[in-house]
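Please look through the structure below, and then work through the questions and answers that follow it, which go from side-chain contacts to backbone geometry.

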Amino acid sequence: MSNQPNSGKPGRLIMVCCGTGCTANGGQDVYQAFCNEIEGQEEFEVVGVKSTGCNGWCEKGPLVKIVPDDITYCGVKPADVKEIVDRTLKEGELIKRLLYRDPQSKKHLKSHHDTDFYRKQHKIALRNIGEIDPASIQDYIGYHGYKALSKVVNTMKPAQVIDEIIAAGLRGRGGGGFPTGIKWKTCASAPGDTRYIICNGDEGDPGAFMDRSIMEGDPHSIIEGMIICAYAINASRGYIYVRDEYDLAVHHLGRAIEDARQAGYLGDNIGDTSLHFDIEIVRGGGAFVCGEETALIASIEGRPGEPHDKYIFPAEKGLWGQPTIINNVETWANIPYILLHGARHFASIGTEGSKGTKVFSLVGKVQNTGLVEVPMGTTLREIVFEIGGGVPGGRSFKAVQTGGPSGGCIPAQLLDLEVDFDNLTRAGSMMGSGGIIVMDDHTCMVEVARYYVQFLAGESCGKCTPCREGLRAMLEILTRICAGQGSMHDIELLEEISSTMQSASLCALGKTAPNPVLSTLKYFRDEYLEHIEKQRCPAGVCRNITSFSIDPELCTGCGLCTRNCPVDAIQGEKKQAHSIDNKACIRCGECFRNCKFDAVKVE
């Protein structure tokens, strides 16, 4: 939505983030407050108000940007709006308390462009998000939207489009990393008169919101990418499969599809050519396994979302037995950019085997949570400590988990790993759709493995025995270890089950499900041994084998542990050493996590 003036007078534009994260913190109320406040104002330059998608800096939302002044205000509330209008728009004064304050320099920064979070990013897939109104096709066109499509249908043959995608080196951003252009070429040459195109928007990884943000904030880039593919492979029908929980994404995609039809970009004779192509939205049922392309196809066809063996790939025989292209949201968003700027430009970014940029959701124990896009080959250290601002609360970094539930945990000694498809695989993890979860030294890696195996066990379709029974068996073993009842034989058994699942599971969910277990066994084996041999959780997480005490030499009597204890199990006078009543203690670990002096110890 936007409320922009019809007057030809130059004016400043107020851009309010109304992505899901900012909306949850009142972004829509801030937008409406600006609309109400500037209505009828004549004392200053004409100002427009624009509702945008996610700016990525979720930790600081709702964000308000004022252009062309290049001012960014963080954590804005509706009560702040009148002050912004009166002081900033009328008087040209900055409101310091709403500016971002750099934790190192202690300086207030006027623009988000001045922060490490944004300065170190390179946006391609996210190029328009936070800049355009996702509900306005005219806004998208104003940011070079549909220019790539015009270039393609007017100056290129279908085979040339495919060759350009191949030359760009774009690999699928959904997790598998298969070369996109090769997939298109296979589909274009497959026998059959009907071809389909699918956008996989079934984003189910815990902590991941990359695809959601693109669908919400720049839906036309997905649509344009799909139309270009339709021209290249001669497809007539497209489907966008969206996770059912993503209401805002469905709303914006539906509006964008209708507007694209009205503008002649979808339907018959697109661009005055013989191309006929239209798109339909299909809402998924929330099954994690439907992110696997054969299960997704089954779901669209109205069958249970279960995968099948890929002895024939969907590009040759997919939806309703016809050649089908499936790419994920981020892949489609890259297509118009590549065709507009050229394959050589895109291929100049990234690494030898992984071209371009990658979008990551950066969450967990990190200062700046949010959405980031960086060139392939950027190190984990740069992402976590320079863009993310490091670990909060004075804690030390322990690991990152990449690639979703089926990804692996990468330890501190690999922080200088250059992130791309191949390096992550060699490290025992995977790119996945792009989730990065940061963990600090209060994280139990055995419990992390148990958590992800529990998630995958619940999401397995159960069709094949190795995945169904293997995950249940691993969950039982890991639960036993976390309870202090494990044995050394359990470690051998976990490795044997993992090997069987990797070689015998039907689909990628089962084949990659052992990654959390194998990576934690590889890099954090000592924690497994502590749980088994000493019945002790060094991170203080596993309650059955954990107890806490307070070191009187380190305790300052600040009372922080007492205030955070939910059962009043800590006693002590102010500025005097405290103690824990272990009979009353429920081993929640709040005292351990909140102590600023490391006085609380794990027994």
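Q: Does E330 count as buried or exposed, and what is its relative accessibility?
A: The model is a predicted one, and E330 is found in it in helix α13, which spans residues 329-341. Buried means under 20% relative accessible area. E330 falls under that cut-off and therefore counts as buried, with a relative accessibility of 0%.

Q: Which backbone nitrogen does the side chain of E330 reach?
A: E330 is placed in helix α13 and counts as buried. Its side chain makes a contact of 3.1 Å, and the atom reached is the backbone nitrogen of V359.

Q: How many residues apart in sequence are the parts tied together by R173 and E330?
A: The side chains of R173 and E330 meet in a salt bridge, with N to O at 3.9 Å, and both residues are buried. R173 lies in the loop between α7 (158-168) and α8, whereas E330 belongs to helix α13, so the parts that this pair ties together are apart in sequence by 157 residues.

Q: Which elements hold R283 and D247, whose side chains meet in a salt bridge?
A: The side chains of R283 and D247 meet at 2.5 Å, N to O, in a salt bridge. R283 counts as partly exposed, at 38% relative accessibility. The pair ties together parts that are 36 residues apart in sequence, because R283 lies in strand β10 (residues 278-283) and D247 in helix α11 (residues 247-262).

Q: Is R395 buried or exposed, given its relative accessibility?
A: R395 forms a salt bridge with D441, and the closest N and O atoms are 3.0 Å apart. R395 lies in the loop between α15 (380-387) and β14 (397-402) and D441 in the loop between β16 (435-440) and α17 (445-459), so the pair ties together parts that are 46 residues apart in sequence. D441 is partly exposed, with a relative accessible area of 25%, whereas R395, at 18% relative accessibility, counts as buried.

Q: Why is the pair of Y196 and Y239 tilted?
A: A search of the whole structure finds 14 aromatic pairs. One of them is formed by Y196 and Y239, whose ring centres are 6.3 Å apart. Planes under 30 degrees apart count as stacked and over 60 as edge-to-face, with the rest as tilted; the planes of Y196 and Y239 are at 50°, so the pair is tilted.

Q: Which parts of the structure does the pair of Y196 and W320 tie together?
A: Y196 and W320 form an edge-to-face aromatic pair, at 5.7 Å centre to centre and with 65° between the planes. Y196 is buried, with a relative accessible area of 14%, whereas W320 is partly exposed at 43%. The pair ties together parts that are 124 residues apart in sequence, because Y196 lies in strand β8 and W320 in the loop between α12 (293-300) and β11 (324-328).

Q: Over which ring does the charged end of R212 sit?
A: For K358, the charged end sits over the ring of F360, at 5.5 Å from its centre. For R212, the distance from the ring centre is 5.8 Å, and the ring under its charged end is that of Y246.

Q: Which residues does a cis peptide bond with omega of about -5° join?
A: Most residues other than glycine have a negative phi, and most peptide bonds are trans. The cis bond with omega of about -5° joins G61 and P62.

Q: What is the phi of H144?
A: H144 is found in the loop between α5 (137-142) and α6 (147-155), and at 48% relative accessibility it counts as partly exposed. Q535, which is not a glycine, has a positive phi of about 50°. H144 is likewise a residue other than glycine with a positive phi, and its value is near 70°.

Key
Residues are numbered from 1 along each chain as its sequence is written. This is a predicted model: local features need pLDDT of at least 70, side-chain atom pairs count only at pLDDT 80 or more; totals for chains, interfaces and linings use all residues. Side-chain values use heavy atoms; hydrogens and water are left out. Rings of Phe, Tyr and Trp (its six-membered ring) pair if their centres lie within 6.5 Å; planes under 30 degrees apart count as stacked, over 60 as edge-to-face and the rest as tilted. Helices (H or I, at least four residues) and strands (E, at least two) are DSSP runs, numbered from the N terminus. Buried means under 20% relative accessible area, exposed over 50%, partly exposed in between (1.4 Å probe, protein chains only). A charge sits over a ring if NZ of Lys or CZ of Arg is within 6 Å of the ring centre and within 35 degrees of the ring normal. A polar contact is a pair of N or O atoms within 3.5 Å; within protein, one must be able to donate a hydrogen and the other to accept it, and residues adjacent in sequence count only if both atoms are side-chain atoms. A salt bridge is a side-chain nitrogen of Lys or Arg within 4 Å of a carboxyl oxygen of Asp or Glu.
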